[in-house]
Amino acid sequence: MEKIVKFLREVVAEMKKVSWSTQRELATYTGVVGIAIVVVCALIWICDTIFARVFQVILHY
């Protein structure tokens, strides 16, 4: 039991050292991640479409 109490005290002490993001930073980072996801999805879709058409042409002959 003593080890658990010590562990929890150390957790609380470490959590006080954490640098938490502001609400504005969090919104900005979320937007950046959202845009990155859209861009990567678009690139994958473009590549998939190109490869599908190339293979369709190759397999059609």
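## Surface

In this predicted model, the protein chain exposes about 6300 Å². Carbon and sulfur atoms supply 72% of that area. Of the 61 residues, 0% count as buried.

One nonpolar surface patch covers about 1200 Å². Its members include Trp 45, Phe 51 and Phe 55. Ile 35, Val 39, Leu 43, Ile 46, Ile 50, Val 54, Ile 58 and Leu 59 also belong to the patch. Ile 50 sits in helix α2, which runs over residues 23-60.

## Overall shape

How does the radius of gyration of the protein chain compare with that of a compact globule of 61 residues? The globule would have a value near 10 Å, but the protein chain has 25 Å. The C-alpha trace spans about 75 × 35 × 10 Å along its principal axes.

The secondary structure comes to two helices and zero strands. Helix α1 takes in residues 2-17. Helix α2 takes in residues 23-60.

## Leu 8 in helix α1

Leu 8 lies in helix α1. Is this residue buried, partly exposed or exposed? Leu 8 is partly exposed, with a relative accessible area of 47%.

Now compare Leu 8 with Ser 21. The two are 13 residues apart in sequence. In space, they are 23 Å apart, C-alpha to C-alpha.

## The salt bridge

How many salt bridges are there? The count comes to one. Lys 17 pairs with Glu 14, and the closest N and O atoms are 3.2 Å apart.

Lys 17 is exposed, at 62% relative accessible area. Glu 14 is partly exposed, at 45%.

## The cysteines

How many disulfides does the count give? The count is zero. Cys 41 is in no disulfide, and the nearest cysteine sulfur, that of Cys 47, is 12 Å away. Cys 47 is likewise in no disulfide; its nearest cysteine sulfur is that of Cys 41, 12 Å away.

What about accessibility? Cys 41 is partly exposed, with a relative accessible area of 47%. Cys 47 also counts as partly exposed, at 40%.

Methods: Residues numbered from 1 in each chain as written. Predicted model: local features only at pLDDT ≥ 70, side-chain atom pairs only at ≥ 80, totals over all residues. Heavy atoms only, no water. Disulfide = S-S within 2.5 Å. Buried < 20%, exposed > 50% of the residue type's maximum accessible area, 1.4 Å probe, protein only. Patch = residues over 30% accessible without salt bridge, like charges linked within 9 Å, V, L, I, M, F, W, Y side chains within 5 Å. Areas by Shrake-Rupley, 256 points an atom, 1.4 Å probe, with all protein chains shown as cover. Salt bridge = Lys/Arg side-chain N within 4 Å of Asp/Glu carboxyl O. Helix = DSSP H or I, 4+ residues; strand = E, 2+ residues; numbered from the N terminus. Rg over C-alpha atoms; globule rule 2.2 N^0.38 Å.
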